[in-house]
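User: I would like to learn how to read sheets, cores and chain contacts from a set of coordinates. Could you take me through them one feature at a time?

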Amino acid sequence: MALTRPIADTTLVDQALSTAPSHALGDPVVVVEGLRKSFGAREVLCGIDLCVRAGEHVVIFGPSGSGKSTLLRSINLLEEPTHGSLKVFDVEYGPDGASGVRRGNPLELRRTVGMVFQQFNLFPHLTALENVALPQRAVRRTKRAEAEERAALALRRVGLLRHAAHYPNELSGGQQQRVAIARALSLDPKIMLFDEPTSALDAELVGEVLEVMRELAEAGMTMVVVTHEIGFAREIGDLNVFMDQGVIVESGDRTLFDSCTNPRLQKFVSAVL
Amino acid sequence: MIAFASSLINWSYAWANRGALLHGLLVAVEVSALSLVLSVSVGLLLAVMRMSRPPFTWLAAIYINIFRGVPVIVTALWVYFGVSEVSGLNFSVFVAAVISLTLLYSAFISEIFRSALEAVQRGQREAGLALGMTRPRIFVSVILPQATKIALPNIGSMLIGMVKDTSVMFVIGLTELVATVQNLASVSYEYFTLYTAAAVIYIAVAFTVDFAFRTIEKTMQTPPRGGIARAAKGRRRRHVQAIMDRFDASWQQQGTSAP
């Protein structure tokens with residue numbers, strides 16, 4: 001089959017740059033105000049305020065059960081907030097938004113926000129190539145041949161082109177997560193959410209996934225990352241957010257880890273490092 | 001014991017009547033195949049209803065519990081004689097048999113599908129949602145293929161059960177295998193021979209169905225296992241290989257180092 005168009009030699013970096021948000025660097029793209037989420041009687045998010053700016057890398061960390069994953073999952077409405085406002089690219093998705101602001105459709109939101117899961121969540125019945133091609137065909141109605149070309153490009157960017165025909169159960173955890181990242185990136189998201197992307201990996205496989213994420217961060221992708229990798233947070237985190245018991249305890253730039261005065265944060269950082 | 005039994009079986013008589021017996025088998029297989037297609041479709045619909053919200057979930061539950069509870073013979077008589085009595089609608093024997101089996105087996109198959117759909121990990125749906133896929137598309141492209149693979153062995157057992165249950169349809173006059181045996185035996189009195197032949201044929205069907213479903217299962221495995229399965233997926237694999245080669249080559253042409 002002949003190529004219909006030349007293949008741009010895009011690396012992961014170029015790709016991310018070309019999809020830089022329509023908003024200028026530094027404009028707020030995700031604005032969370034007074035966000036609350038309850039499961040039954042248990043409140044797991046107790047009033048969160050957070051602002052993510054275009055091109056910024058926000059790292060959320062904290063003990064398990066602190067609500068960090070729930071916060072991340074609220075940003076693409078995998079969890080419906082109980083109260084509060086969630087604005088993404090100036091569109092309101094929360095239940096208590098200011099009146100007069102356009103209420104957004106979750107489907108549209110998720111088409112601009114990509115997500116990577118702790119358990120990879122690749123589709124086990126599809127090859128790596130099909131995993132990346134399916135969402136393009138389903139979401140963008142791309143023709144099969146073109147979707148597969150784009151999928152091959154996306155896999156090449158994460159260094160897995162040679163594994164295109166492999167099924168997820170034939171790949172290592174690190175490779176699976178890289179396919180998952182390629183799958184999310186192939187839809188040209190403006191914001192990427194990472195929910196503990198390395199927590200399910202063997203120690204020696206963490207590096208390859210962080211490497212891909214680091215490249216993405218350097219390329220200027222807006223990222224919100226929930227992670228226990230404090231070293232990685234120090235390296236890429238423009239805004240580091242420490243959560244505990246459903247609230248943001250402390251947040252700040254790279255200096256947060258060195259100059260923290262909050263005893264809970266000190267205790268957590270010393271335990272993780 | 002075996003020698004005694006085989007002395008009672010007149011194999012040459014059974015062989016002489018192979019045409020009639022195989023015709024009976026053909027009818028049984030036709031009814032079963034059609035009923036399988038219909039009851040898988042209806043069963044899937046019922047499973048989805050059962051897992052949705054009221055009143056659909058109640059309607060499905062009522063249907064499932066009624067038709068899991070009614071014996072085949074009652075359903076067959078009820079569909080063939082009862083429905084025409086009440087509504088004036090007259091089904092042919094063949095159609096009545098297909099309707100009966102579909103009513104009964106869709107109830108069982110819906111429960112097979114329900115447990116299979118529930119066995120697909122929640123993260124699969126979430127991944128689809130996070131990618132911006134619609135719920136119907138997630139169901140068709142992500143959940144259903146995985147659930148089908150889980151449900152397949154049990155659906156195979158259902159098909160074997162269905163072929164056996166066509167034998168009950170002789171009460172409404174379907175000339176399937178058992179009715180054929182009855183007809184022949186009423187003349188020749190070779191009951192033991194004919195019923196043994198019927199048993200052999202039913203067992204052969206069970207082995208065939210088992211083999212067919214195992215092959216389909218192997219095809220659905222990732223990666224596919226066995227010669228038939230690999231052949232079935234071979235074209236697709238060569239297609240992917242061609243894409244890989246093309247993109248590998250284009251990478252090297254541009255002189256960029258591969259990661």
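This is a predicted model: local features need pLDDT of at least 70, side-chain atom pairs count only at pLDDT 80 or more; totals for chains, interfaces and linings use all residues.

User: Let us begin with a hairpin: how many residues lie between strand 1 of chain A and strand 2 of chain A?

Analyst: For a hairpin, one looks at the pairing and then at the turn. Strand 1 (residues 28-39) and strand 2 (residues 42-53) of chain A are antiparallel and share nine bridges, with A:V32 opposite A:L50 of strand 2. Two residues separate these strands, and A:G40 in the turn has a positive phi of about 65°. Strand 1 of chain A also pairs in the antiparallel sense with strand 4 (residues 83-88) of chain A over five bridges, where A:E33 has A:S85 as its bridge partner.

User: In what order do the strands of the open sheet of six strands in chain A run, and which strands stand at the edges?

Analyst: In chain A the order is 6-7-8-3-9-10, with mixed pairing. Strand 6 (113-116) and strand 10 (247-252) of chain A each have a single partner strand, so one side of each lacks a neighbour in the sheet. From one strand to the next the twist averages 20°. Within this sheet, strand 7 (residues 191-195) and strand 8 (residues 222-226) of chain A run parallel, joined by five bridges, and A:I191 is the bridge partner of A:T222.

User: Which helix packs on that sheet?

Analyst: Helix 2 (residues 68-75) of chain A does, touching strands 3, 6, 7, 8 and 9 of chain A, and its direction makes about 150° with that of strand 8.

User: Which residues touch the most other members of the largest nonpolar core?

Analyst: In this core of 84 residues they are A:I60, A:L155 and A:V224. Beyond its neighbours within four places in sequence, A:V224 contacts residues including A:V52, A:I60, A:L72 and A:I191. A second, separate core has 53 residues, among them B:I109 and B:F170.

User: How many residues does each chain bring to the contact?

Analyst: Chain B brings 30 residues and chain A brings 33. On the side of chain B, helix 11 (227-253) is one of the elements giving two or more residues, and helix 11 of chain B gives the most, with nine. That side of chain B divides into 14 nonpolar, 11 polar and five charged residues.

Key. Residues are numbered from 1 along each chain as its sequence is written. Chains are lettered from A and ligands numbered from 1 in the order in which they are written. A nonpolar core is a set of buried Ala, Val, Leu, Ile, Met, Phe, Trp, Tyr and Cys residues joined through C-beta atoms within 7 Å. A residue is buried if 20 or more other C-beta atoms lie within 10 Å of its own, exposed if 12 or fewer, and partly exposed in between; C-beta atoms are placed from the backbone. Two residues are in contact if their C-beta atoms, placed from the backbone, lie within 7 Å. Helices (H or I, at least four residues) and strands (E, at least two) are DSSP runs, numbered from the N terminus. Ala, Val, Leu, Ile, Met, Phe, Trp, Tyr, Cys and Pro count as nonpolar, Asp, Glu, Lys and Arg as charged, and the others, Gly among them, as polar. Two strands pair if DSSP finds at least two bridges between them. Axes are lines fitted to C-alpha atoms, for helices over the stretch in contact, and angles run from 0 to 180 degrees between N-to-C directions.
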